[in-house]
Each structure stands twice: as C-alpha cells, then as structure tokens.
Amino acid sequence: MRQIFKFHGGVHPPTHKIESTITPIAQAKLPSKLIIPLHQHVGVRAKPIVQVGEHVLKGQIIGRAEGHISSTVHATTSGTVSAIDLQLVAHHSGLPDLCITLIPDGKDEWIAHSGVDYKQTTHTELRHLLRQAGVVGLGGAVFPSDIKAYRHKHTINTLILNGAECEPYITCDDVLMRERATDILRGAELLRELLYAKEVLVGIEDNKPEAIAAMQQALQDEQHGHIEVITVPTLYPSGGAKQLIRILTGIEVAAGVRSTEKHVQCFNVATAYSAWRAITFGEPLLSRIVTVTGNVEHAQNFEVPLGTPIDELVAQAGSKPDTERHIMGGPMMGVDLPSDSVAVTKATNCIIAASPALFPPPQLELPCIRCTRCADVCPAELQPQDLYWFSKSKNFGKAEDFHLFDCIECGACAYVCPSHIPLVQYYRFAKSEITARERESRAAEIARERHEYRQFRIEREKQEKAEKLAQKEKAAMAAKTATPIVSENPDEEDAKNQLRIEAALARAKEQAATNKPKNTEELTEQQQAEIAEIDARRAKAHQIATSEDKAE
Amino acid sequence: MISALFVMIGIALFLGAVLGFSAIKFKVQGNPLIDKIDAVLPQTQCGQCGYPGCKPYATAIAAGEAEINKCPPGGEEGIHKLADLLGREFIPFGEGAAPKAKSVAFIDENTCIGCTLCIQACPVDAIVGAAKQMHTIVSLECTGCELCIAPCPVDCISMLPIQEDITNWKWRYPVIPIQAAA
Amino acid sequence: MTEYLLIIVSTVFVNNIVMVKILGLCPFMGVSKKLEAAVGMGAATTFVLTLGSGASYLIQHYLLGSDLAYLTTLSFIVVIAGIVQFTEMAVQKTSPALYQVLGIYLPLITTNCAVLGIPLLNVQAKHNFMESLLFGFGGAIGFTMVMIMFAGIRERLEGADVPGIFKGSAIAMVTAGLMSLSFMGFSGLVK
C-alpha cells in the first residue's frame with residue numbers, strides 16, 4: 001500500500017456527480033455551425049491560414065501555431081468557412097476574440113492522415129506531431145503539451161496523471177477513465193517515454209470506484225510495469241497540480257518553484273488520451289468529453305465537436321425554461337458565459353445550466369470578522385485574510401509580498417467565508433492590476449532607453465557634423481595656403497571668366513538643340529489623347545497669360 | 001574651571017577630527033536618488049510637468065524644487081509611489097493636470113506631406129519615415145506624449161485612445177457602491 | 001553572565017524604553033508608517049545608542065570624575081550629536097533612499113530623549129562599562145523590536161475599516177497605548 005500524504009486545508013462541497021454518470025458517453029450531434037476560436041490555448045494566438053468561403057476537410061489545419069508557446073487549430077468537420085471575425089468567447093470579460101465560423105456540409109470528410117509508432121519515431125518528431133495535432137492540456141489550463149512533454153534541464157522521476165477531478169458537477173474525466181482506460185494508459189506510456197520518467201502515478205479520487213476499477217483492469221490487461229493507480233481521498237481541491245503532487249509523492253512544490261525542478265510532471269488523463277490518438281492515429285484534437293449538467297432534463301457526458309455553440313449542446317441534454325445562465329467549468333472555478341452562442345473549446349470540461357433554484361443569487365457581502373476560516377482551508381497555505389485586506393485597500397506591494405500570485409483561485413476560502421465575501425474576485429482584481437502595472441513599467445523602461453539612445457544619437461550627429469566641418473575648414477585652409485587663387489592681373493581674370501561663361505552658354509544651347517524628346521514613335525491612342533489634352537491646356541494657359549499681359 | 005574647559009575642548013576637537021575624516025571617506029558623488037525617482041516616472045517624456053523630460057523632473061524633485069503631483073501620465077498611483085519613496089505627503093493633482101486616457105498617435109496617410117517635423121519632435125523615435133517619404137507611427141513604441149501634434153504643418157496626426165480588448169482586459173474592483181435610498 | 005542576561009531581558013521587555021519608560025516616542029510615531037523605514041531607524045538608533053552608552057561611560061568615568069559632574073549632560077549631548085552626524089553620513093552613503101525616507105528623523109536622534117536618557121540612567125545606576133554597553137544595546141534592541149511591531153500593525157491599519165474620525169494618527173495612538181498596556185504583563189518578570 002503506497003503511502004499518500006495530505007495537503008493543508010481543503011473543503012468538502014456537495015459533489016453533484018451522480019446525475020451525469022448514469023448514462024455512458026453520448027456522441028453529440030454536429031451543430032448547424034461551428035465557432036472555432038483561434039486562441040484556445042495558453043500562448044500566442046493561432047494565425048488563420050484559410051480564407052472566407054474556402055472548403056475545408058475534417059482535421060485540416062485552419063490556424064497555424066505562432067511562436068514557441070502556441071498550438072494549432074483544426075477544422076472540426078468538413079465544411080465551408082463562413083466568417084473569420086470577432087465572436088463572443090468564453091472569457092470572464094465578455095469581450096470577443098478572433099474566431100473561424102465553419103458551416104458543416106454534413107459529409108464529415110476526413111483529410112488524409114496517418115499515425116506513427118511512437119517507439120520508432122524520434123522525440124523531436126513526436127513533439128512536432130503533438131504541436132501539429134493541437135494537443136493541449138485538457139484539464140482546463142490548455143498549456144501546449146509538446147512543451148510540457150519536453151525534458152528541459154531537470155530529470156523527471158515521476159509522471160503524474162491527474163484523474164482526481166475534484167470539482168463538483170464535473171465528471172468528464174470519470175467517464176473517460178471508465179470507457180477508455182486502455183488508451184489513457186497507452187498515452188501515459190507515450191508521455192513517460194517522452195519525459196524519460198521512471199514511474200507513472202495515476203491519482204483518482206475515491207468517489208469514482210468504477211473509474212478506479214476500469215483503470216486497474218486496463219493496467220492488468222496491458223501489463224504496464226511502471227504505472228500505478230492510486231486512490232486519493234475526496235477533497236477539494238486535490239486535483240490542483242501542486243496539491244496532487246503533494247498527495248502522491250509528499251513533495252511540496254514551493255512558491256515560485258516549478259514542479260519540474262522537483263523532478264515531477266503532471267498531465268490530465270484526457271491529455272494523455274488525446275496525445276495517444278494524435279500520435280498513433282494521426283487524429284488532431286477535434287473533440288472532447290464535456291459534462292452537461294445542472295438544470296437539464298438528462299445530465300450526461302457528450303463527446304462534443306470543438307466549436308459547438310452551447311445552446312445547441314445543452315438542447316441535446318434537454319434544456320429547461322428556467323435556466324437563466326450557463327457556467328463553463330465547475331461551480332467553484334467556472335466562467336459565467338456572456339451568451340448562449342459561445343462555443344465549446346479545448347478548455348471546456350463542463351457546462352452547468354444554472355437556475356435560481358440551483359444557484360441562488362450571491363448573498364450580500366458583510367464586513368470581515370477576521371475569523372481566519374479562510375486560512376484554515378487554503379490549499380496553498382496562504383493568508384487569504386491578509387490578501388483580502390491588501391487587495392481591498394489596493395496595497396499591491398504588500399499583496400505581492402504575501403504571495404498573491406501563488407493563489408490558485410480555487411475558491412475554497414470564499415466557500416467557507418461566513419461574511420460571504422467574494423474573496424477570489426478581490427485577488428483576481430489585484431493580480432490583473434499588478435500585471436498591468438508591470439507591463440506599464442516594462443514599457444516605460446523601453447521608452448527610457450529609446451529616449452536616451454535618441455539623445456545619444458543627436459549628440460553623435462552633432463559631433464560628426466562638427467568634425468566634418470572642421471575637416472572641411474582644414475582642407476580649405478590647406479588649399480588656400482598652397483595655391484594663390486587671385487592671379488596678378490585682375491583684368492585677365494575677368495576676361496578668362498567671360499570666355500568660360502560664353503563657352504558654357506554655347507554648350508547649353510547645343511544640348512538643347514540636339515536633345516529631342518524620346519518615345520515619340522508608335523504612341524497608343526490613349527497616350528496621343530493625353531498628349532493632345534496637355535498641349536491644349538498649355539496653349540490655353542499661354543493664351544491667358546499673354547492676354548493678361550496685354551491687358552496690363 | 002580650566003579643567004572643565006580642557007575637557008570640553010578636548011571632546012570637541014576629537015569629535016571634529018572624527019567627523020572631518022568621515023566626511024571625506026563617506027563623500028556621496030552625484031545623487032543616486034535621482035535615478036530612483038526616474039525609475040518611478042512613466043517615461044513618456046511629454047513635458048507636461050514643465051520640465052523637458054522625465055530625468056530633469058526627477059532632478060528637480062530630488063533637489064526639492066518640484067512638487068510630486070506634476071506628472072499626469074503617472075496618475076495618482078505615480079504620486080503615491082513618489083510619496084512613498086521620498087517620505088513626503090501625498091498631494092492630489094492640481095487644476096487641469098488630471099490624467100487623460102492612454103492613447104497612441106496616428107498619422108492620416110492621405111494628408112501627410114513627408115516633412116519630417118514630427119520625426120524630429122518624437123522623444124522616443126517612434127515615428128518611421130524620411131524626407132518626402134510617408135511617415136508612420138510605430139504604435140508599440142508610442143508613449144502618447146502628444147509632442148508630435150504641434151509641429152505637423154498639415155494637422156494630420158490624431159490621438160486614438162487604446163481600446164480595451166481581450167488581451168489587456170483587467171478585472172474590475174469587486175465593490176459595488178451603495179446608493180442612497182431615493 | 002546571568003547579570004548581563006538579566007540586563008538584556010529587563011531592558012528589552014520589562015523596562016522597554018518606549019512602552020514602559022515612555023521615552024523616544026518621536027521616531028516611534030514618526031517613522032513607523034512603513035516597515036522598511038522602521039527597520040532602518042531601529043538599526044540607526046541601535047548603533048547610536050550602543051556607541052553612545054559606551055562613549056558616555058568612558059567620558060563620565062575617566063574625564064569628568066566627580067568634580068566636573070555638572071558637565072555630564074553637556075558632554076553626553078555633544079558626543080551623541082557627533083555620533084549621529086557620523087551615522088547620518090554613513091546612511092546617506094550606503095542607502096540614499098533610506099536617507100530620504102528617514103528625512104528629518106535621522107538628525108532628530110540627537111534630541112531623542114531615549115538616546116540621552118539611557119546614558120543618564122547608566123550614570124544613576126552606577127553601571128560598569130560592560131553593563132552600560134549592554135544596557136544601551138538592550139534598550140536599543142527593545143526600541144527596534146517595538147518599532148517593527150508597531151510598523152507592522154500600522155501597515156495593516158492602513159487598509160482596515162477604521163472609522164473616519166480615528167483614521168491616521170488617532171488610531172495609531174490608541175494602538176500604542178494598547179501595546180503599552182500589554183507590556184505591563186512583563187512586570188515582575190525580573191526580580
């Protein structure tokens with residue numbers, strides 16, 4: 001029995017998971033249109049490489065990865081690109097982002113694709129294939145997996161597969177593990193190979209006994225020697241990367257430290273599955289499992305084509321009239337969607353239809369009574385109370401000193417607060433203010449450098465000019481002293497000058513006489529017309545000028 | 001009486017020697033405080049403070065000649081930072097010195113005549129162009145100081161406020177002001 | 001050895017110069033708005049007090065004797081002024097930002113009643129050289145400790161929901177009074 005550890009804090013919200021695990025994964029129907037955002041990953045937005053009106057095949061690349069940290073975007077099905085413009089996306093701001101709208105043609109025609117045997121392929125090629133397939137972290141962080149699957153400078157001893165799924169309502173990883181355990185474990189082997197890891201630990205919460213059984217069975221069947229499935233106690237947020245690492249290995253990844261520095265890397269089970277499909281079958285990431293739950297007729301999990309609008313997806317689960325809004329994600333960390341036409345992306349793990357009964361309006365914020373319940377539950381061992389006071393009074397220096405950026409925004413502190421203070425909103429406000437200020441100060445630094453360089457450049461130009469002038473003067477002085485310019489006889493000089501001038505005038509006249517206009521043969525009609533027009537204008541102007549002269 | 005005098009003079013001389021020696025040893029060259037103040041200023045080099053750039057303003061503050069509330073691009077935040085750095089009291093902006101929305105300059109290419117007067121005016125060399133060639137603003141480097149607007153003889157430069165989009169969006173302060181009952 | 005330990009404990013906790021003897025309140029209230037300034041001020045005062053106690057003892061014991069005792073206060077102030085000037089120059093050289101932040105409070109250490117009070121208390125208690133030094137050092141450590149605690153509290157008070165009338169100096173005074181009350185708990189610790 002492998003020893004597991006505990007992390008500080010954590011809460012036990014009611015899980016609401018049973019509703020959506022009654023039926024197996026259903027295939028969502030292709031919607032009437034697909035809105036595919038180009039920024040479905042962390043890093044630089046993908047660049048669209050198709051035109052409006054172009055016909056694309058399923059799996060065709062429509063957005064090329066740009067820069068080191070980026071990923072590819074594909075056409076979810078065959079169809080026609082109807083628009084490349086700003087559409088509402090699932091973001092807290094409610095602001096739009098660049099999306100490609102695809103109208104499916106119903107044929108679902110695949111582009112030519114094939115897989116490789118990962119054991120026979122170089123790691124560089126494998127990572128390139130992952131990037132081209134658009135594989136990103138499907139736990140919600142959507143970090144490009146090709147970069148995470150690269151062993152940079154630290155050896156990786158332990159690869160952790162995150163099957164914890166601690167947030168209430170979400171069951172997409174649960175059903176994936178129940179039905180596709182074999183492929184998940186094969187994906188784990190692939191990632192282990194890429195990272196040269198010694199062992200793989202799969203962490204699953206104990207409220208998912210079927211998933212644990214399925215994974216154990218697959219483990220036995222395939223005889224993966226280096227993989228171990230470990231049951232962890234149900235506690236929110238044990239699915240956080242640092243928290244799961246602590247539970248499974250006892251290693252504490254401290255503030256400002258990356259898990260790779262502690263020789264551990266963590267991937268979601270769905271990411272391992274997608275990586276396996278991408279490498280072995282050449283299938284890019286075109287769909288993902290999404291839990292549709294909350295105020296719907298039949299809560300269940302769907303395999304959803306990326307870009308499906310939320311309203312069409314929820315309708316397949318039976319939407320109810322008293323649903324007032326939808327939440328993408330879970331009740332603790334989810335995004336309130338600005339509209340129902342927002343589409344499913346790689347980060348969408350769950351859609352909760354919220355009604356006033358299920359999600360009553362938030363209670364009024366009361367003053368903080370300094371009870372420190374928030375500090376008791378914080379999994380990152382921070383001081384949420386101090387962070388609240390500093391964020392509220394906009395004392396960002398002290399907030400940063402108290403490790404504001406180590407907050408994982410899990411919401412456990414706000415969950416237990418007896419005064420119903422929306423703590424996470426304060427931290428998010430403080431974090432975005434600090435980030436904006438850092439950006440401004442970096443820009444100011446660059447502006448200062450440019451200004452100083454400009455002053456240096458102006459100084460340098462002045463100096464160069466002065467030097468040139470000095471040189472010229474020197475040359476002039478030298479020339480003056482060398483040969484006398486004025487000859488003894490000034491009259492002779494004048495006569496000579498006169499001769500020179502006359503000679504120059506004669507030369508000029510000769511040139512004017514011999515110089516004829518070129519390109520006058522074989523003029524086109526248009527050119528002739530233009531010439532005639534210009535001549536007429538000239539004549540008229542001359543007429544007016546001479547008549548004016550006469551008048552005066 | 002004499003011994004008292006001797007004691008006091010002796011102490012005074014000894015201390016004087018120590019202080020004189022340390023005055024030479026601890027001599028402070030220049031004023032590193034100016035660099036610290038300059039690091040806090042927003043570097044728009046716009047001259048709205050009345051000084052020809054941010055470094056001269058920093059020098060004036062360090063010398064005690066200038067108040068710390070003269071820099072609109074730094075905002076109230078900047079005044080707070082200066083107050084903290086220098087141990088002075090916070091003063092709000094004076095009349096007409098309130099900060100404006102951040103904007104970048106934009107040259108109307110139909111009107112530009114290629115005179116290079118704006119290029120010579122820009123304090124951070126953010127305008128690209130040459131004589132009789134089209135001029136354009138490198139908006140990533142433009143600090144919004146508006147020094148290019150005045151020299152342009154055909155008035156083709158305008159200031160465009162920076163729009164909030166999904167890349168520079170910030171979370172709002174989560175406090176909702178309570179309104180008085182009607 | 002225990003004598004010296006007792007002196008330290010008594011000057012830092014039982015007879016804390018700020019909280020119990022109520023000396024040196026000027027920099028205590030004036031420089032405690034920011035933690036870094038409080039630490040800097042505490043360090044400067046420690047240096048001045050320790051050196052000052054030692055120098056004052058030497059002057060009082062060897063130079064003044066018993067017939068020139070009336071010059072005690074005068075010579076102490078002169079020595080302290082000299083040490084403070086030296087400290088000021090050193091601070092300006094090593095940390096110009098701290099120098100700017102401390103501002104007028106750095107030369108005001110000269111007139112700090114704690115910095116003059118400790119040497120006078122040493123004379124009164126007839127301490128020997130080591131005891132004087134430790135008394136001064138302990139007193140300064142107590143001063144620094146209380147300044148840092150108070151600065152930490154004041155930084156939190158900045159963001160707290162203090163009623164309008166109490167904001168700023170008023171709540172700081174109330175806090176200082178409560179801190180002084182709490183230090184009463186140490187009385188009787190050292191017999």
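1. Let's start with a term: a residue counts as buried if 20 or more other C-beta atoms lie within 10 Å of its own, as exposed if 12 or fewer do, and as partly exposed in between, with the C-beta atoms placed from the backbone. In chain C, buried residues account for 39% of the 191 residues. For chain A, the share is 41% of 552 residues.

2. Some housekeeping. This is a predicted model, where local features need pLDDT of at least 70 and side-chain atom pairs count only at pLDDT 80 or more, while totals for chains, interfaces and linings use all residues. Residues are numbered from 1 along each chain as its sequence is written, and chains are lettered from A and ligands numbered from 1 in the order in which they are written.

3. Now look at the make-up of chain C. The C-alpha trace of chain C spans about 60 × 45 × 30 Å along its principal axes.

4. Chain A is another story. It has 15 helices and 17 strands. Its radius of gyration is 36 Å, well over the 24 Å that the globule rule gives for 552 residues, so chain A is more spread out than a compact globule. Its C-alpha atoms fill a box of roughly 120 × 60 × 60 Å along the principal axes.

5. Where do chains C and B meet? Here 20 residues of chain C are in contact with 19 residues of chain B (contact: C-beta atoms, placed from the backbone, within 7 Å). On the chain C side, the elements giving two or more residues are H3 (35–64), H4 (72–94) and H5 (96–102). H4(C) brings the largest share, ten residues. By class, that side has 13 nonpolar, six polar and one charged residues. Ala, Val, Leu, Ile, Met, Phe, Trp, Tyr, Cys and Pro count as nonpolar, Asp, Glu, Lys and Arg as charged, and the others, Gly among them, as polar.

6. Finally, chain B splits into domain 1 (32–86) and domain 2 (101–165), with bounds from an automatic or database domain assignment. Their C-alpha centres lie 25 Å apart. The contact between them takes six residues from domain 1 of chain B and seven from domain 2 of chain B.

Terms used:
Two residues are in contact if their C-beta atoms, placed from the backbone, lie within 7 Å. Helices (H or I, at least four residues) and strands (E, at least two) are DSSP runs, numbered from the N terminus. The radius of gyration is taken over C-alpha atoms; the globule rule is 2.2 Å times the number of residues to the power 0.38.
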